[in-house]
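Hi,

Here is the structure I promised to pass on to you. Please open it beside this email and follow along as you read.

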Amino acid sequence: MNNLKSFVLLVLFGLIVVPVYAQPRISIFFDHVAEIARQEKISIHDAARQVKALGVDGIDVRVTMNEPQLKMLDSLGFQHASAIADINFVRGEQPEATRQALDFMRRHDYSRLLVIPGLLPENASAELMEDVCKRLDAFVEEAAKEGIDVMVEDYDNPHSPCYNTQTLDRLFAASPKLNHVFDTGNYLFCGEDVMVALQHFRSRIHHVHLKDRKAMKDRASLPIGAGIVPLKALVNELLESGYDGWFCIEHFGAPSMLEYTKQSVANIKATWKPSFDEVLRTRRSIRSYDASKKITETEVRELMKAVQEAPSWANQQPTRYYVAISPEKLAAVQDMVGANKERIANAPVLIVSTFERGKSGFFRGQQTNEVGDGWGAHDNGLSVAYLVLKARAMGFDTLIMGMRDADKLRELFAIPESETIMAVIALGYRAAEPRQPMHKDLDEMVEFF
Ligand SMILES: Cc1cc2nc3c(=O)[nH]c(=O)nc-3n(C[C@H](O)[C@H](O)[C@H](O)COP(=O)(O)O)c2cc1C
């Protein structure tokens, strides 16, 4: 079977996972996690768990990191964003350091490696820079054979062989497979325009360090989004151009690493303002939720403002919602959704929707046409549509469930008999990318006359 035929068949049977995710994926240096543990006087495990719960999914580690800590990060579900190795190619070939780095990448299944190549001496000769380029390129080629992507960042030291656009251009010219960790704060440090640098290096950018600065040459740490780096423009420019790599939070030296991390995550998340079409495209029924990510009551209240905007028959607004957010109520509702139980096991919020009968479709207590309380169900569906779309716009995911035990739900929430119980809606964060469902042809759904 030729490739095209097998591709078409896979799509037809829904076996291809088409990525519909467009939010920034956030990672953090393990060093920051360790610093949180030190400052907060908690274990590294607890610090890592707290960071994960904020919505940080990836981790950036040094290739010298120890096995038990790597395992602990894996057990918490951190994805391998990048590994970092100091390999001093200025001093000469580095067989020991390169072997150690490649061993680490293989053993621990990391694919992106940031190399810090050392510092050049004062008035370094052109020959020395030439040698650094050659040594680095030989390593890049060796790593590429094993599928390892070697990268250099713009480094905030004028003696670095990768200090600014000019020196990076030189390295990239000598090494076609070398890629770039785009550090947003360091372009400011070398006095360059970060947006111009982004355009210039876009095709080589495989990883991003999000760092902010108070002023061009200022080294002080700031939460991302609190300084002069144009965070929103950068993130959106990268995402719109198809960047699907990581955004690594960087604020070494933060006086409160946990507070800085919270603010940075919130600011990065807030950069994602999907278009209406993107909301429609990326809203899918999600049947596996990320247990480490929570949703607060404040967020649910914000979400629920959307349902106030939904249209309804003569503005009757017949829909009611019962929100399970406490562990006890969540556990109870999980047992009332039949075979859906597994699918929504880790959703942090479950919402029951109902509608009051005798409202939509009725005038002075009289049914106005043959649809009767069908209009209540209609308006309930509209309201739920507003809910699930707004949820997606806020970066959440949902599953509407018609499979549920109405009697038990009525008892659990003391829902009046005058209300008809409709769906249970799971609300949370996706743990895996969904499959694209088949959609009917437009002509099967729409007729023009
Ligand atoms: C009223 C209603 C009830 C549904 N009930 C369930 C359900 O009990 N379990 C489930 O896994 N999916 C349920 N779904 C999700 C549908 O299967 C899903 O919307 C459909 O396959 C289209 O996929 P999409 O939502 O990803 O676009 C329900 C959807 C609606 C609108």
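Why does lysine 214 count as partly exposed? Lysine 214 has 14 other C-beta atoms within 10 Å, so it is partly exposed. The cut-offs are these: a residue is buried with 20 or more other C-beta atoms within 10 Å of its own, exposed with 12 or fewer, and partly exposed in between, the C-beta atoms being placed from the backbone.

Before we go on, two notes on reading the model. This is a predicted model, in which local features need pLDDT of at least 70 and side-chain atom pairs count only at pLDDT 80 or more, while totals for chains, interfaces and linings use all residues. Residues are numbered from 1 along each chain as its sequence is written.

Back to lysine 214, which sits in the loop between β7 (205–210) and α10 (231–240). Helices (H or I, at least four residues) and strands (E, at least two) are DSSP runs, numbered from the N terminus. Leaving aside neighbours within four places in sequence, lysine 214 is in contact with Ala220, Leu222, Gly227 and Ile228; contact means that the C-beta atoms, placed from the backbone, lie within 7 Å.

The whole protein

There are 17 helices and 14 strands in the protein, and buried residues make up 37% of its 449 residues. The C-alpha trace spans about 95 × 60 × 40 Å along its principal axes.

The domain assignment gives domain 1 (11–272) and domain 2 (280–428); such bounds come from an automatic or database assignment. Taken over C-alpha atoms, the centres of the two domains are 41 Å apart. Where they meet, eleven residues of domain 1 are in contact with seven residues of domain 2.

The barrel

Eight strands close into a barrel, in the order β1-β2-β3-β4-β5-β6-β7-β8, with parallel pairing. Two strands pair if DSSP finds at least two bridges between them. Neighbouring strands of this sheet are turned by 30° against each other on average, direction ignored; the axes here are lines fitted to C-alpha atoms, for helices over the stretch in contact, and angles run from 0 to 180 degrees between N-to-C directions. Strand β1 (residues 25–29) runs parallel to strand β8 (residues 246–249), and four bridges join them. Look for isoleucine 28, whose bridge partner in β8 is isoleucine 249.

The open sheet

Another sheet is open and antiparallel, with four strands in the order β9-β10-β14-β13. Its edge strands, β9 (319–324) and β13 (397–401), each pair on one side only. Six bridges link β9 with strand β10 (residues 349–356), and arginine 320 has threonine 354 as its bridge partner in β10. Helix α15 (residues 374–393) packs on the sheet and touches β9, β10, β13 and β14 (419–428), its direction making about 10° with that of β14. Helix α16 (residues 406–413), by contrast, lies across β9, β10 and β14 and runs at about 85° to β14.

The cores

Which residues touch the most other members of the largest nonpolar core? They are Leu113 and Cys248, in a core of 69 residues. A nonpolar core is a set of buried Ala, Val, Leu, Ile, Met, Phe, Trp, Tyr and Cys residues joined through C-beta atoms within 7 Å. Helix α6 (residues 126–144) gives the most to this core, with six residues. Another core lies apart from it and has 31 residues, among them Leu303, Ile344, Leu409 and Met422.

Enjoy exploring!

Notes
Contact = placed C-beta atoms within 7 Å.
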